[in-house]
Amino acid sequence: MVSGVRSRMFDERALIRLCRHGDQRSFEQLVALKRDKAIRVAFNIVGDEDDAKDVAQQAFIKLWGAIRGYDETMRFDPWFFKIVVNLAIDQYRRTQRRSVTLAGPGALESAESHPEAGLSVPGADVPLMRHELRGIFNRLAAGLGPVQRAVFTLKEIEGAETEEIASILGIRESTVRNHLMQARRILKEGLRRWYPEYAKDFSR
Amino acid sequence: MTDKTACDRFERSLDAYLGDALASREREAARRHASSCPKCLARLTLQDPLQIFLPLSAETPSSRVTDGFWDTVRAGIERERAAGKREAVPMHPVRPGRLAAFAGRGFTPIAIAASLLVMVLAAYLAAVAPAQFAPLDRSASRAGIARAAAAPLPRVSVVAAGNPLPQTLEHVRTDDARDVQIYSMTWLDQDASSGHDPNQVTELILIVDAGLKL
């Protein structure tokens, strides 16, 4: 009996093959399969749900144009997420320029203005906690550069390997590690400063 | 497997997880467990506070974002198609900013020199090379068509508007100098009653004279 994961992978390969042959119905299924992760990755980089939706939609439109050139011997996700992440980084750069022009630097506000600050994590209901974390992450990650944000998202949230991230971003693995170190330092400082109840230990 | 077993297993692999020493499958299992188990997540964040963001990996977009998602993608595809833009996107998309930076570093003369070299090479090939690309053997044979049918995928895809069948079309000149069109239809047979493997991708190739239209 074919396991669920294996069967899903096979379905995905078959779908991709049909898409490469120009089958738009299969492409619709592929979009349904990859949509949530594409929006989530874009959201973690651009920090705005509507911008993330735009980025993901643009990525799929580009994918349709590019999928014929996809080499089926390569893993699909890193190849596709290269498009998503690069579009998201470009979008984030545009947004940063806009926000610096309109509001000036200094995205982090005081803890008093965050009503969710002070809620504890252990034992909390996970979906509710996720909602709070989303707000905290968006505020703290506003202090990161676009590539730092992409690296942190891919490594710590999506669980991608360093080698894969280097390939997606077109940079060296050592550069990925540097960006990750800087991103972690900035986020830890933000967490300690604005949400100390989440930051019990800074020995690492 | 009970939750307690999963928690015990997570606790045993905690140090290896934090040290990035787990194999990718075990690492993914640990991530999945911690992102949905508040107790183990709390245990993890005591060691590394930034793991607090792990549950974001299981976040799903709101219906406000997903509603009409495909319609917009499809409209974008139609726009691109109307503009004749179905070309490949490079694996490492070059951003305009990077190109400008490249030109700004004094690389323009190199680009001009490279262009000149390409033009000279093209002129040389136009004058000398045709003999090396002479027409194929004109001896008529069915093997010529068979060879054309064996041309490697992918072929040029043409999907007629409103036509549910994907059609792949390629124009080939066979060994016996006949112009033929190769149509390929590919589908996923998910009808269990047909007795076929439900995941089997089937491809039908039709070869016809170039003048004939399907």
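Helices here are DSSP runs of H or I with at least four residues, strands are E runs of at least two, and both are numbered from the N terminus. With that in hand, chain A reads α-α-α-α-α-α-α-α along its sequence. This is a predicted model, in which local features need pLDDT of at least 70, side-chain atom pairs count only at pLDDT 80 or more, and totals for chains, interfaces and linings use all residues. Residues are numbered from 1 along each chain as its sequence is written, chains are lettered from A and ligands numbered from 1 in the order in which they are written, and side-chain values use heavy atoms, with hydrogens and water left out.

**The two chains**

- Chain A has eight helices and zero strands, while chain B has seven helices and four strands.
- In sequence order, chain B follows α-α-α-α-α-α-α-β-β-β-β.
- Burial is judged by relative accessible area, with buried meaning under 20%, exposed over 50% and partly exposed in between (1.4 Å probe, protein chains only).
- By that scale, 52% of the 204 residues of chain A count as buried, and for chain B the figure is 32% of 214 residues.
- A contact means heavy atoms within 4.5 Å.
- Among contacts with a separation of 6 or more, residues 24 or more positions apart supply 68% in chain A and 43% in chain B.

- Two packed helices are described by the angle between their axes and the distance between the axes.
- The axes are lines fitted to C-alpha atoms, for helices over the stretch in contact, and the angles run from 0 to 180 degrees between N-to-C directions.
- H2(A), residues 24–46, packs on H3(A), residues 49–66, at an angle of about 140 degrees, and their axes are 8 Å apart.
- That angle makes H2(A) oblique to H3(A); under 35 degrees would count as roughly parallel, over 145 as roughly antiparallel, 65 to 115 as roughly perpendicular, and the rest is oblique.
- The crossing of H2(A) past H3(A) is right-handed, a term for the near helix being turned clockwise from the far one by less than a right angle, with anticlockwise giving left-handed.
- On the H2(A) side, the contact includes A:Phe27, A:Leu30, A:Val31 and A:Phe43, and on the H3(A) side it includes A:Val55, A:Phe60, A:Leu63 and A:Trp64.
- The residues of this H2(A)–H3(A) contact comprise 14 nonpolar, one polar and four charged.
- For these classes, Ala, Val, Leu, Ile, Met, Phe, Trp, Tyr, Cys and Pro are nonpolar, Asp, Glu, Lys and Arg are charged, and the others, Gly among them, are polar.

**Helices H6 and H8 of chain A**

- The axes of H6(A) and H8(A), the latter spanning residues 173–194, come within 8 Å and cross at roughly 95 degrees.
- H6(A) is therefore roughly perpendicular to H8(A).
- Residues of H6(A) including A:Val151, A:Phe152 and A:Lys155 meet residues of H8(A) including A:His179, A:Leu180 and A:Ile186.
- This contact of H6(A) with H8(A) has eight nonpolar, three polar and three charged residues.
- A:Lys155 belongs to H6(A), which covers residues 146–157, and is buried at a relative accessible area of 8%.
- Leaving aside residues up to four places away in sequence, A:Lys155 touches A:Ala160, A:Thr162, A:Ile165, A:Leu180, B:Asp20 and B:Arg31.
- A:Trp194 sits in H8 of chain A and is buried, with 13% relative accessibility.
- The C-alpha atoms of A:Trp194 and A:Arg139 are 9.9 Å apart, although 55 residues separate the two along the chain.

**Aromatic residues**

- Over all chains there are 13 aromatic pairs, where rings of Phe, Tyr and Trp (its six-membered ring) pair if their centres lie within 6.5 Å, and planes under 30 degrees apart are stacked, over 60 edge-to-face and the rest tilted.
- One of them joins A:Phe76 and A:Trp79 in a tilted arrangement, 5.9 Å centre to centre with 45 degrees between the planes.
- A:Phe76 and A:Trp79 are about one helical turn apart because three residues separate them in H4(A), residues 76–103.
- A:Phe76 is buried at 5% relative accessibility, and A:Trp79 is buried at 6%.
- Ring pairs link A:Phe60, A:Tyr70, A:Phe76, A:Trp79, A:Phe80, A:Phe81 and B:Phe69 into a cluster.

- A:Gly69 lies in the loop between H3 and H4 of chain A and counts as exposed, at 56% relative accessibility.
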